[in-house]
Amino acid sequence: MNNPDNKPPSDRPRFGGGIFLFFGLLIGSIVGIALNEASIGMISGFGVGGLLAILVWIFDSKRAEEGR
């Protein structure tokens with residue numbers, strides 16, 4: 001496939017942050033159950049996991065730009 005900027009694609013593997021979403025939900029639910037607030041724990045765990053996943057995405061996009 002042709003890139004719009006005619007640069008070769010990076011040979012570096014891409015990072016994925018989905019594991020942070022999973023572990024955020026899991027750990028948040030466990031902590032929430034321990035504190036008798038399962039829903040709040042799950043939502044806060046999802047928020048923290050989502051934030052970490054976004055940070056991984058930003059880091060990976062900057063790393064890919066440097067590799068070109």
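Hi everyone, let me start with Arg63, which is buried, with a relative accessible area of 16%. Buried here means under 20% relative accessible area, exposed means over 50%, and partly exposed is in between, with a 1.4 Å probe and protein chains only.

A quick word on the source: this is a predicted model, where local features need pLDDT of at least 70, side-chain atom pairs count only at pLDDT 80 or more, and totals for chains, interfaces and linings use all residues. Residues are numbered from 1 along each chain as its sequence is written, and side-chain values use heavy atoms, leaving out hydrogens and water.

So what does Arg63 meet in a salt bridge? The partner is the side chain of Asp60, at 3.1 Å from N to O. By salt bridge I mean a side-chain nitrogen of Lys or Arg within 4 Å of a carboxyl oxygen of Asp or Glu. The structure holds 1 of these. Asp60 is buried too, with a relative accessible area of 3%. Both residues sit in helix H2, residues 38–67, and they are 3 residues apart, about one turn of the helix.

Now let's step back to the whole chain. The protein chain has 2 helices and 0 strands; these are DSSP runs, H or I of at least four residues for helices and E of at least two for strands, numbered from the N terminus. Of its 68 residues, 21% count as buried. If we take contacts, meaning heavy atoms within 4.5 Å, between residues at least 6 apart in sequence, 66% join residues at least 24 apart.

On to the other helix, H1. It has 17 residues and reaches 25 Å from its first C-alpha to its last, close to the 24 Å expected at 1.5 Å a residue. That expected span is 1.5 Å times one less than the number of residues. Which residues are buried in H1? They include Gly24, Gly28, Ser29 and Gly32. Seen down the axis of H1, the buried residues fall within an arc of 120°, so they line one face of the helix; the arc is taken from the directions from the helix axis to the C-beta atoms. On the face turned away from that buried side, you'll find the exposed residues Ile30, Ile33 and Ala34.

Last stop: Asn36, in the loop between H1 (18–34) and H2. Asn36 has a positive phi of about 60° although it is not a glycine. Most residues other than glycine have a negative phi. At 68% relative accessibility, Asn36 counts as exposed.
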